Amino acid sequence: MRRTHTQDSMTTFTGCQDAMEFPRFTFNPKEGIDNPALVISDDPEPDPSPVPTLCQLKRLEGQSFGFYLRTDMSSRSFEIRDVDPWSPAGHSGLQDGDRVLEINEEYVDNTDFSRIVRKIQSCGFHLFLLVLRREEYEQAMSMGGDLQKLARASKGERWSRPRLCHISRQPEHGLGMTIVSVEGQKGQYTVSTLTGGPAERAGVCFGDRLMWINGVRVSTLTHSTLNRTLKKSGGSVTVLVIDPDGESCNVRRKIPTLPVAAECCGLPYTTKTLHLVKDQNGYGFLLRQEKLGGARRIVHVLREIDVGSPAEGAGMEDGDLLLAVNGKPIESMEHEDIVKEVRQSGEAVILTTISIPGRDFYREIGISPLLFYDECSVKDNTVSHCMKNQSETPLKHGDGSPTECVPDQSGTLPTQLPERTSDVFL
């Protein structure tokens with residue numbers, strides 16, 4: 001009985017095998033292989049191009065970003081050195097030897113070193129650095145790669161920068177825009193613009209995403225609050241907008257859309273660049289440390305401009321605020337240190353200034369007035385100058401004595417410093 005059961009089982013199994021039998025495959029060398037399951041293909045080769053790394057740095061008031069920047073003289077690239085592991089730079093993933101391609105979404109490779117330093121110093125609390133690791137940079141250079149194209153490709157085809165736009169209200173059309181809530185997305189808004197209206201002329205496009213208004217993130221505001229803000233904005237409003245594709249790229253890259261990375265579209269106040277060369281009576285103005293508007297905030301104010309002086313000839317106005325000396329931001333510096341900066345300039349100095357209403361405007365929208373400053377116009381000058389270190393410093397000769405000029409060995413006054421390539425702590 002056991003033998004018969006085994007035989008029956010084997011017979012049953014054989015029957016099932018016959019029922020499931022597949023047609024035979026015959027290979028014809030003339031026709032090739034047409035069975036997709038048997039097609040043999042090579043594995044796709046990995047993309048040899050290195051991928052840049054985006055580092056987001058956010059510092060606190062009075063805190064540095066925590067790294068040194070230097071120029072690699074062999075490649076003329078900007079190299080990150082001595083990253084403090086506990087600093088914003090260390091927490092962002094920045095590493096020693098990284099080569100900087102972009103600062104705040106702007107390509108900077110092969111740009112003047114002093115301009116790069118000023119750009120970082122004026123960016124406020126947020127800094128975006130797009131870098132290549134040392135090995136990746138060397139790989140890209142050995143392959144003859146286009147670094148700017150590499151940086152652009154890392155953002156996506158539809159990437160675009162945000163725009164910081166100042167809109168002036170008109171009697172007939174108002175601001176020329178309305179704000180629309182994005183359905184199903186709390187705190188998300190788009191802009192509908194009037195064709196040819198004030199908003200469109202200011203750089204706002206129909207369908208743009210609204211990110212900030214007068215320095216405030218709109219994601220924290222309700223639609224009714226936004227409308228009240230527009231009505232109470234007076235004669236103008238400043239908005240940060242970005243097109244939907246650009247916003248999608250930022251979401252994919254996990255970075256916020258901030259004014260520090262924006263293009264400037266017609267802001268109402270601009271800085272002034274004053275080129276001063278001393279005459280026999282000095283520069284002809286007074287540098288004074290004051291409290292602005294009764295507040296505790298200290299500012300450095302230009303006062304008592306002499307008639308016919310180099311200061312007046314350069315366009316200095318009484319009450320202007322001093323922002324930078326030879327391109328170096330000075331707002332957070334002590335009065336004595338600012339005096340030292342001017343003294344080291346010698347017989348010529350470049351001052352960056354702004355009016356008090358202009359400084360108030362930038363403070364309200366939460367950015368430095370130097371952020372959009374055209375740094376290309378700034379050149380470093382050197383000469384020697386003596387002055388007293390005091391809270392009220394005359395940059396002119398009260399006794400009428402001549403200024404001593406210190407020429408170089410050729411007998412002429414130097415007018416421009418060589419490019420600075422030493423390490424700078426930021």
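Helices (H or I, at least four residues) and strands (E, at least two) are DSSP runs, numbered from the N terminus. With that settled, to the model.

This is a predicted model: local features need pLDDT of at least 70, side-chain atom pairs count only at pLDDT 80 or more, and totals for chains, interfaces and linings use all residues. Residues are numbered from 1 along each chain as its sequence is written, and side-chain values use heavy atoms, leaving out hydrogens and water.

First, the overview. The protein has eleven helices and 21 strands. It has 426 residues, and 42% of them count as buried. Buried means under 20% relative accessible area, exposed means over 50%, and partly exposed is in between, with a 1.4 Å probe and protein chains only. The accessible surface comes to about 23,700 Å². Carbon and sulfur atoms hold 51% of that surface. The areas come from the Shrake-Rupley method with a 1.4 Å probe; for residues, only the protein chains shown count as cover.

Now contacts, meaning heavy atoms within 4.5 Å. Take those between residues at least 6 apart in sequence: 69% join residues at least 24 apart.

Next, backbone angles. Most residues other than glycine have a negative phi. Which way does phi go at N326? Positive, at about 55°, and N326 is not a glycine. N326 lies in the loop between β17 (321-325) and β18 (328-329). That is a hairpin with two residues between the strands. Is N326 buried or exposed? Buried, at 9% relative accessibility.

Two strands pair if DSSP finds at least two bridges between them. β17 and β18 run antiparallel, joined by two bridges. V325 has K328 in β18 as its bridge partner. β17 also pairs with β19 (residues 348-354). Those two run antiparallel as well, with four bridges. There, L321 stands opposite I354.

How many of the five residues of β17 are buried? Five of the five, so β17 is largely enclosed by the rest of the structure.

One more positive phi. E304 sits at about 50°, and E304 is not a glycine either. Where is E304? In the loop between β16 (298-303) and α9 (310-314). E304 is partly exposed, with a relative accessible area of 44%.

N326 is buried, whereas E304 is partly exposed.
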